[in-house]
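Subject: The two-chain model, with notes

Hi,

Here is the structure I promised to send over. Please open it beside this email, and my notes follow below.

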Amino acid sequence: MPSVDIETYQGLALMLNDEFYDIVSQFFNETPDLISTMCEALENNNLELAKGISHQLRSASGNLALSALSSAFNIIEVSINNGSQVDSIEARQVVTSEFERARSMVKDLQ
Amino acid sequence: MSTSTQNPPNDPASNMPKILIIDDDPITLKMVSKVLRDAGYEVSEANNGQSGLTAFQHQPVDIVLLDVMMPVMNGYETCKALRNYSDDESLQILMLTGLDDVESVNKAFEAGASDFITKPLNFPLLAQRVRYAQRSRCMLHELKENQERLENAQKIAKLGYWQCNLTDKGISISKQVANILDTTTDSISSMSDFLSYVHKDDVEYVKKALQSAISNAEPFTLQHRVVFADWSEKFIEQQGEVKTNSENQAVLIVGTMQDITDRHRAEELIHFQKFYDSLTHFPNRRMFDRHIKHALSEAQLNDSIMSLMLFSIDKSEQIVESFGHTGFDMVILNIANILKALLSENLSIYRFDENSFAIIQKDLASTDEGIENANRIRSYVAEPIVISGREIIPTASIGLSYYPYHASKDKDIIRMANLALNESRKQSDTVTNYSSTMTSNSLEQLTMEKSIREAIRKNEFIVHYQPQINVNTGMIAGMEALVRWQHPEHGILSPLQFIPIAEKSGLIIPIGEQVFTQACHTAKTINEQFNLNLRVGINLSTKQLADPDLNLIITEIIAKTGVTPQLVEIEITESAVIDDMDKAISILNNLRDKGFKIAMDDFGTGYSSLSMLQHLPLDTLKIDRAFIKDINDNGENSELARAIIAMAKSLNMHIIAEGAEEQSHYNFLKQQQADEIQGYYFSKPLSEQDFISFVQSHLEKSA
């Protein structure tokens, strides 16, 4: 799965103009903390909080056309919903990795 | 909580729809806001359900975009809360959800969502989805307005609709039908529920009509009554159609129900006004015309005796003159109330015209029964009634005709009852059965009228003259002009043979004009021939006196004949002036101003009073022959004549005594100092030529 759905991403950029970049920038600034909070919640078995953050970040990343990242959050959300055990370390690795891929690709696109 | 928060859909041209976005994800919130603002919408934001609800309560919007998963209050709860709060049924709530399973979608709709949009959002299409939602809102709003208009129209028209499923006999009714039946929509669920409202006398009719419509699968219209717990009634009209399935079996009835109580009552009122008399509430002449035909047919069918009784109140004109129309109405009403007690299956009563009633009697044993009933009615009616403090006893004249003895057609039986009534009226307070002589008399009258018209055209009316002799000098003082009909077949006809019909038909006016002209011409001729100043007395009838052209006619005759008005004495009778004294005085004064003399003819036989004589502008009083004819040689039976002469003298009137036929009459009148005498003692009425000879001979004798 591509890290960024380039066509959609560029379409959004055209559509929302400069504000889009501000939103993207806000996303990349605020998401690391949210990822940390989510992972801590997973570690502490605070599944409601973890589910809420994963849902929010899935939605936000998806809306920004960051497909792979959104998919990663979706897996966490679905797993929590299904009652499956989610390894916080593994989760952190996966989403951080996808986050960085996305940030890198977005930087290239800008 | 529910309050009135309904916004009419915004007009896109003038005011963009307001949108509230509720999402806890700031990124999504910003992106959606940006897209919709750019599309021209007025956007507000909330980051959770609770604050979204508060924002909506503060400023209602047209469309809400609502995330499902949010902390504090999730999307479903928020959606429910919004629906509870707002009564704006067209408010569009679009759920934004990444949960695209069927269960979530169902939950969204159950919570009151209008639609849902899945995440990640397709931003290029987002504005279109919102526009679509706005269009839905407009359509819903329009639909609601149309429904309201329709409901209002139905409410105004008192029109509702219903349908009956013929398979399970279930009925559903609209709100307006429930209103008409003063109940609720859920209280009528079966045909028997509905029939419980129908007036018991109409139930069979309604059942049969519906059954017939179902059997024949055809539309129906029926009117019937419904009754309520307080026994009040409404009239309703139902129209409906029967729907069939593919096997042509009736499966459904759809119908409308309209409250036509007001219309029905208006129709009843119109019917009443058309066919009933508003004063007595008896059926009127129009209804009578229908019923008499029916009654005759029935009598023919049953081979029974039927009578038509025409019942007229005597002296109605005098009652009106004395008590006014209101007083007359009271008399009519009083009589109507008496008659009402007589109504039965075989006796029906109608207000025939202003002062008469028609009574149809069916199944009479004999004509005697008819006349007995008539006499009984006549006696009942003669009940004293007090009007304006004065008591009057009404009397009635009644005419009767019978089927099968007199006629079998409505027009004939009415005409015959009328002839009988006319006969009764001549005497007042009597009952008369029709007889065939009445028809012949009536026909004779019609023939006579025709002949009189012809006679006027051919100048067949001639004038005879009866001399009036001065008692003191024995000289001719004047003459009375008396009309005769020189009939081509029957010779000279007396006025008694044609004047009543001429009066009745109005032909007296042209006859009077011819007589006036001839008399003036003769007077002028004789006076010139013998160098005399003979006066000519000419009678004016009631109709002539009331003729608005009288003044003009007389002026023309005077101008045409050249007679001196002072030598023309216009003779009137008491009956000619009794109806309207003021008018009579005005007309007579007018004639007197032109120089004519005025005489009261046939005095003593009518209604004259001393007061009337004082007020009328009279020159001469002509004592009727009735007061003279019985005076004998010894002067017996002369008291009235004596009193009249004394009275006239006291009023300084010239006195002419009519009907002097014997020496004794002459002696008495000379003794009482009457001024002139007219009668067979001196001469009968003479033709113009004979009168001239009489004058000549009289002058020769005097010389």
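A few words on terms before the sheets: helices (H or I, at least four residues) and strands (E, at least two) are DSSP runs, numbered from the N terminus, and two strands pair if DSSP finds at least two bridges between them. This is a predicted model, in which local features need pLDDT of at least 70 and side-chain atom pairs count only at pLDDT 80 or more, while totals for chains, interfaces and linings use all residues. Residues are numbered from 1 along each chain as its sequence is written, and chains are lettered from A and ligands numbered from 1 in the order in which they are written.

The predictor gives the complex an ipTM of 0.91 and a pTM of 0.45. Where pLDDT is low, the predicted coordinates should not be read in detail. Among the elements of chain B, the highest mean pLDDT, 97, belongs to strand 21 (residues 535–539), and the lowest, 75, to helix 21 (residues 610–615).

**Two sheets in chain B**

One open sheet of chain B has five strands in the order 12-13-11-16-17, with mixed pairing. Its edges are strand 12 (347–353) and strand 17 (431–433) of chain B, each of which pairs on one side only. From one strand to the next, the twist averages 20°. For this and the other angles below, axes are lines fitted to C-alpha atoms, for helices over the stretch in contact, and angles run from 0 to 180 degrees between N-to-C directions. Strand 16 (residues 396–403) of chain B pairs with strand 17 of chain B in the parallel sense over three bridges, and there Leu400(B) stands opposite Asn433(B).

The other open sheet also belongs to chain B: five strands in the order 7-6-10-9-8, with antiparallel pairing. Here the edge strands are strand 7 (170–173) and strand 8 (220–227) of chain B, and the twist averages 25° from one strand to the next. Strand 6 (residues 159–165) and strand 10 (residues 250–259) of chain B run antiparallel and are joined by seven bridges; the partner of Gly160(B) in strand 10 of chain B is Met257(B). Helix 8 (residues 203–216) of chain B lies across strand 8, strand 9 (233–244) and strand 10 of chain B, at about 155° to strand 8 of chain B.

**Where the chains meet**

In the interface, 16 residues of chain B are in contact with 18 residues of chain A. On the chain B side, helix 1 (26–38) and helix 5 (123–157) each supply at least two residues, and helix 1 of chain B gives the largest share, six residues. That side divides into nine nonpolar, two polar and five charged residues, where Ala, Val, Leu, Ile, Met, Phe, Trp, Tyr, Cys and Pro count as nonpolar, Asp, Glu, Lys and Arg as charged, and the others, Gly among them, as polar.

How do helix 2 of chain A and helix 1 of chain B run relative to each other, parallel or antiparallel? The axes of helix 2 (residues 18–43) of chain A and helix 1 of chain B come within 10 Å and cross at roughly 175°. That makes the two helices roughly antiparallel, since angles under 35 degrees count as roughly parallel, over 145 as roughly antiparallel, 65 to 115 as roughly perpendicular and the rest as oblique. Glu19(A), Ile23(A), Gln26(A) and Phe27(A) meet Ile27(B), Lys30(B), Met31(B) and Lys34(B) there.

Most residues other than glycine have a negative phi, and most peptide bonds are trans. A cis peptide bond joins Lys119(B) and Pro120(B), with omega about -5°; Pro120(B) sits in the loop between strand 5 (115–118) and helix 5 of chain B. Another cis peptide bond joins Tyr403(B) and Pro404(B), with omega about 5°. Asp303(B), in the loop between helix 10 (285–302) and strand 11 (305–313) of chain B, has a positive phi near 55°.

Best wishes

Technical notes
Two residues are in contact if their C-beta atoms, placed from the backbone, lie within 7 Å. pLDDT is the predictor's confidence in each residue, from 0 to 100.
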